[in-house]
Amino acid sequence: MTEAVLRNPVIPGFMPDPSICRVGEDYYLAASSFEYFPGVPIWHSRDLVHWELIGNALDRPDQLRLPPDMPSSGGVYAPTLRHHDGRFYLATTVVGGAGNIIVTSEDPAGPWSKPVLVDLPGIDPDLAWDDNGDCWYTRAGVSTVRIDPDTGTVFGEPVSVWSGTGLRAPEGPHLHHIGRYWYLLIAEGGTERSHAISVARGTSPQGPFEPCPSNPLLTHSGHDHPFQNTGHGDLVQAHDGTWWMVLLGVRPRGRTPYFHGLGREVFLAPVRWEDDWPVVGPLQEQGPAPALTSTEAPPPEPATDHFDGDRLAAHWVSVRERDEEAVRLDERPGWLTLHARGTTLDRPGTVFVGRRQRHPDCTVRARVDATGGQGGLVVRMDEAHHYEVEADPDSGELRVIARIGPLRQVVGRGPLPGEPVLRVDFRTSDILPPSLTEAPGPGDDPTGTEPGAPDTISLGYESDGRHVVLAELDGRYLTSEVTTGFTGRVIGMYVTEGTVAFDWFAMTHATDSTDAADAADAT
């Protein structure tokens, strides 16, 4: 049996806007996915600390169609996950697509239903049921209206309720009926450094609402804390009677204004009640875990995927869509074969399969056969911000390409060995120089990585037991503070010409001793 120890973030990596519900002793969590397909990852836990990805709610084209020209950071926003009368309900907004939708399932691992459209403007829909069985739909802004969640029928006009303390962007509402009050939890202040969580209470779903005198419940704005941008929370009562909050936050690094590349991650904080108001405890890096019955921790996501199955695991995502004719596991047993559709990562349409970066210090490796085309490994934020190590059989070389805003440049080259292992390393450093204005001296790092960067990203390959670094790049240019938008880094395999196949893909980090051994065995 594994004793739970709370280590934040409880779900690391790009997994924003968490929404949680409990069914018995099981906890389920949904998160935003933006331009990535499949959409809305669904997680399961038995102790609120150890989480396992069990599926994606929107994993079929008849559920989610994102326009090919939809900008990055469009797509699927801020889901709400609830369980009512033996069924799971998930409401979300497809920005630039279908709008506000609801899907349902008896099993949170899927399959989920086709979407039901809710013909209302706005984003961040929430669902809550009263004692009469009526469903109340609340959206960013903040307003509430009664709906039929099975048909999307809206009854009457939305009523404006409580829109926070006056900070900008009141959003992410969650309505909870707890005891004698309805509690309206919202995010406000914007999802950057001023992000905050506030609450009000009333005796009906449409108020009137009384704001908590100690709002905001939680914010790290202006505080010297390793976790920033904290907000967009949801409440859950554990099966031992304790209360907890899941919320998003980031882990910025480097020097001012500080940078985060992993996106907004899932954090867990204790909640207690005073005078019928929730009080959020400290958001610790490591601390006491929920005092729940110890359970076996779920198996971790495998470090190495050998592509032996008949379908990709739930953690694999593509950009906007996944062309099943272009992404094949059946053409070459034990290999993932990609067929080119787009010719460049700089525009939508390129065939891509990737995973979210989960840890600041990690290594990604993949064995590639590019004899039939051009492709490789890419670290992606959006079409205008990515680093890749690419195999080009026509020129007989490997090259590292950096796309940073309007600039695109080849920054490293090397020979193309037969079926090389492409490799990308992410290394953070807390050691900062005394001055940003000092000129480099003898022995200083000559790679071009600027002092104060959140991390260094090195790209290269392995061949004949050697690891060759072709370029080391500054990680700040693949962070939200530079690229803008709502997503984090996704690292994956791509093809821009012909056909490229991958034998295996491995992602390991410093504490993955067994995973690292597994990845090493892949060679």
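Biologist: Which residue stands opposite Leu398 in strand 34?

Modeller: Gly414 stands there, facing Leu398. Before we go on, please keep in mind that this is a predicted model, where local features need pLDDT of at least 70 and side-chain atom pairs count only at pLDDT 80 or more, while totals for chains, interfaces and linings use all residues. Residues are numbered from 1 along each chain as its sequence is written, and side-chain values use heavy atoms, with hydrogens and water left out.

Biologist: What makes strand 33 and strand 34 a pair?

Modeller: Strands here are DSSP runs (E, at least two residues), numbered from the N terminus, and two strands pair if DSSP finds at least two bridges between them. Strand 33 (residues 397-404) and strand 34 (residues 407-415) are joined by eight bridges, so they meet the rule for pairing. They run antiparallel. Their hairpin has two residues between the strands, and Gly405 takes a positive phi near 60° there.

Biologist: How do you know that strand 30 is largely enclosed by the rest of the structure?

Modeller: Buried means under 20% relative accessible area, exposed means over 50%, and partly exposed lies in between (1.4 Å probe, protein chains only). Eight of the eight residues of strand 30 are buried, so the strand counts as largely enclosed. Cys362, Val364, Ala366 and Val368 lie on one side, with Thr363, Arg365, Arg367 and Asp369 on the other, and both faces are covered. In a regular strand the side chains alternate between the two faces of the sheet.

Biologist: Why is the contact of Arg332 with Asp369 called a salt bridge?

Modeller: The term asks for a side-chain nitrogen of Lys or Arg within 4 Å of a carboxyl oxygen of Asp or Glu. The closest N and O atoms of Arg332 and Asp369 are 2.8 Å apart, so the pair qualifies. The two residues sit in distant parts of the chain, 37 residues apart: Arg332 is in the loop between strand 27 (327-328) and strand 28 (336-339), and Asp369 belongs to strand 30. Arg332 has 28% relative accessible area and is therefore partly exposed, whereas Asp369 is buried at 9%. The structure holds 37 salt bridges.

Biologist: What makes Arg380 and Glu383 count as buried?

Modeller: Arg380 has a relative accessible area of 5% and Glu383 has 12%, so both fall under the 20% cut-off. They form a salt bridge as well, with their closest N and O atoms 2.9 Å apart.

Biologist: How far apart are the closest N and O atoms in the salt bridge of Asp392 with Arg399?

Modeller: They are 3.0 Å apart. Asp392 is buried at 7%, and Arg399 is buried at 12%.

Biologist: Where does UniProt place the feature "active site"?

Modeller: The unreviewed UniProt entry places it at Asp17 and Glu171; such annotations may be inferred rather than shown by experiment. The two residues are spread over 155 residues of sequence, yet cluster in space, the largest C-alpha distance being 10.6 Å.

Biologist: Why are Asp17 and Glu171 called buried?

Modeller: Asp17 has a relative accessible area of 6%, and Glu171 has 18%, so each stays under the cut-off. Asp17 lies in the loop between strand 1 (6-7) and strand 2 (19-23), while Glu171 is in strand 15 (residues 171-178).

Biologist: What makes the Asp17 and Ser32 side chains a polar contact?

Modeller: A polar contact is a pair of N or O atoms within 3.5 Å, one able to donate a hydrogen and the other to accept it; residues adjacent in sequence count only if both atoms are side-chain atoms. The side chains of Asp17 and Ser32 make such a contact at 2.5 Å.

Notes
Helix = DSSP H or I, 4+ residues; strand = E, 2+ residues; numbered from the N terminus.
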